[in-house]
Every structure is written in structure tokens, then in C-alpha cells.
Amino acid sequence: MTNDANENKLSAARAAIEELPDEGVIGLGSGSTVRLFVIEVAKLVKAGRKLVGVPTSEGTRTQALSLGIPLLPDQGPWDIAVCVDGADEIDDRKDLIKGGGAAHTREKIVNYAARRNVIIVDESKLSSRLGEKWPVPTEVLPFGQGATARRLEAFGRTVLREKEGAIVRTDAGNLLYDVHTGPIDDAHALEAAMKSIPGVVEVGLFVGRADVVIVAGKDGVRRV
């Protein structure tokens with residue numbers, strides 16, 4: 001990753017701090033940009049700001065605890081004022097693809113529990129239509145995975161996610177298939193169709209789930 005990309009991520013993370021309440025519960029997303037945001041939140045907590053987090057992944061949980069951010073239990077329900085999360089791709093309608101970090105199911109649960117959702121990205125994540133740059137991450141139960149994957153093939157080339165020769169599993173122990181749909185005309189309809197397949201736990205399409213999008217790039221930070 002270039003220094004410019006890192007600087008853009010940091011700029012977006014710092015801009016998101018302005019969206020937080022003076023005190024209360026906040027959702028802590030996952031991914032490289034959010035890791036920088038969590039560091040900034042920890043500075044506020046250390047300075048006396050009464051913020052409590054709900055992490056969307058075990059990675060975020062570990063980081064937040066190591067930095068002294070208090071967290072609520074997993075089971076919920078939570079009264080989340082703001083959730084700050086990243087995205088792998090965002091289109092002109094501000095719909096999202098998430099799940100590059102294998103956390104999109106928990107991210108979606110926290111997203112829906114929050115009264116307001118702030119998405120932080122660098123400008124490399126922008127596209128005209130979802131699917132131009134990213135496949136759709138799909139969490140699948142191990143039982144019957146072959147049958148589930150075969151049905152997912154109706155939407156595009158479907159690839160079991162592996163890393164360094166090992167199968168990637170979510171925090172819940174499930175599998176991930178990346179569905180290469182190509183540019184998506186109707187993300188809402190695709191989400192519904194994919195989720196109707198038995199064995200699919202959740203798909204990485206977030207349609208209409210961003211209240212504010214913070215984009216950092218060579219021309220600075222802008223809010224949408």
C-alpha cells in the first residue's frame with residue numbers, strides 16, 4: 001500500500017471522529033481504515049470521553065481491548081448511536097460491498113442496530129456500479145456447502161476463499177464464497193435472491209445502509 005493510500009485512510013478515520021456522540025455506544029467496524037479509526041477512538045477514551053464499543057469482529061475486539069476501549073457483550077441488544085465501518089466497494093448510489101475481511105455478517109448486524117451509519121473509505125473504493133471491482137462475499141454453512149455453491153453459480157463464478165493454501169473461515173466458523181457477479185444492476189434484488197438460498201448465512205451487499213460516507217483522496221476529505 002502506498003503512503004498516499006495510508007494517508008487517505010488516516011484522513012477518513014480522523015474525519016469520522018467528528019461524527020461521534022459526546023458519550024454513548026458506538027459500533028466499531030472492521031478493516032484497515034477502521035483500525036486507524038479505533039486508534040483515534042482510544043485517544044478520546046484515554047482523555048476521558050465516555051464511549052463504549054460494540055466490535056464487529058474478533059480482530060476489532062482484540063485491538064479495542066488492547067487500547068483500553070470498553071466493550072459491551074456480544075449478545076445485545078445494544079443502543080448504538082453511531083456505527084463507523086469501512087467498505088470494499090461503494091457505488092454512485094452509496095450502496096456497499098463489504099466482507100473482504102470476512103466479517104460482513106457481524107458488520108450487518110451492528111449496522112442494523114445503529115441509529116446512524118458512517119462509512120469511511122479512500123477514493124480507490126469508489127465505482128459506478130457495485131461488482132465492477134469486487135465479488136460479492138457470501139458466508140455459507142459448511143454443511144452442504146457444495147450444493148449451496150452450485151446454486152450461487154447462477155449469479156456468477158463462485159470461488160471458495162482461501163489464504164495461503166488454507167480455507168478462510170469467519171469468526172462463526174463458516175466458509176466464504178466470493179461470487180464474481182460483474183457489474184450489478186439491482187443490488188437489492190440480488191441480495192434477496194442470494195439470501196433465499198438455503199445454506200447462505202449472509203451476503204456482503206449493504207443496500208441503503210449508509211447515512212454518511214466520508215471519502216478521502218488527493219483533493220482532501222469530503223462527506224456525502
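Me: How many residues does helix α2 have, and what span is expected at 1.5 Å a residue?
Reply: Helices are DSSP runs of H or I with at least four residues, and strands are runs of E with at least two, numbered from the N terminus. The expected span of a helix is 1.5 Å times one less than its number of residues. Here α2 covers residues 32–46, has 15 residues and reaches 22 Å from its first C-alpha to its last, close to the expected 21 Å. Just after α2, G48 takes a positive phi of about 110°. This is a predicted model, in which local features need pLDDT of at least 70 and side-chain atom pairs count only at pLDDT 80 or more, while totals for chains, interfaces and linings use all residues. Residues are numbered from 1 along each chain as its sequence is written, and side-chain values use heavy atoms, with hydrogens and water left out.

Me: Which residues of α2 are buried?
Reply: Buried means under 20% relative accessible area, exposed over 50%, and partly exposed in between, with a 1.4 Å probe and protein chains only. In α2 the buried residues are T33, V34, F37, V38, E40, V41, A42, L44 and V45.

Me: At what angle do the axes of α2 and α3 cross?
Reply: Axes are lines fitted to C-alpha atoms, for helices over the stretch in contact, and angles run from 0 to 180 degrees between N-to-C directions. Angles under 35 degrees count as roughly parallel, over 145 as roughly antiparallel, 65 to 115 as roughly perpendicular and the rest as oblique. The axes of α2 and α3 (residues 58–66) come within 10 Å and cross at roughly 25°; the two helices are therefore roughly parallel to each other.

Me: Which residues of α2 and α3 meet?
Reply: Contact means heavy atoms within 4.5 Å. From α2, R35, V38 and I39 meet T60, Q63 and A64 of α3.

Me: Is E19 buried or exposed?
Reply: E19 counts as buried because its relative accessibility is 13%. E19 lies in the loop between α1 (3–16) and β1 (23–28). Leaving aside neighbours within four places in sequence, E19 is in contact with V82, R116, V118, V212, I214 and R223.

Me: Where does K94 lie, and what is its phi?
Reply: K94 is in the loop between β4 (89–90) and β5 (96–97). Its phi is positive, about 70°, although K94 is not a glycine. At 26% relative accessibility, K94 counts as partly exposed.

Me: Which peptide bond is cis?
Reply: The bond from G76 to P77 is cis, with omega near -5°. P77 lies in the loop between α3 and β3 (80–85).
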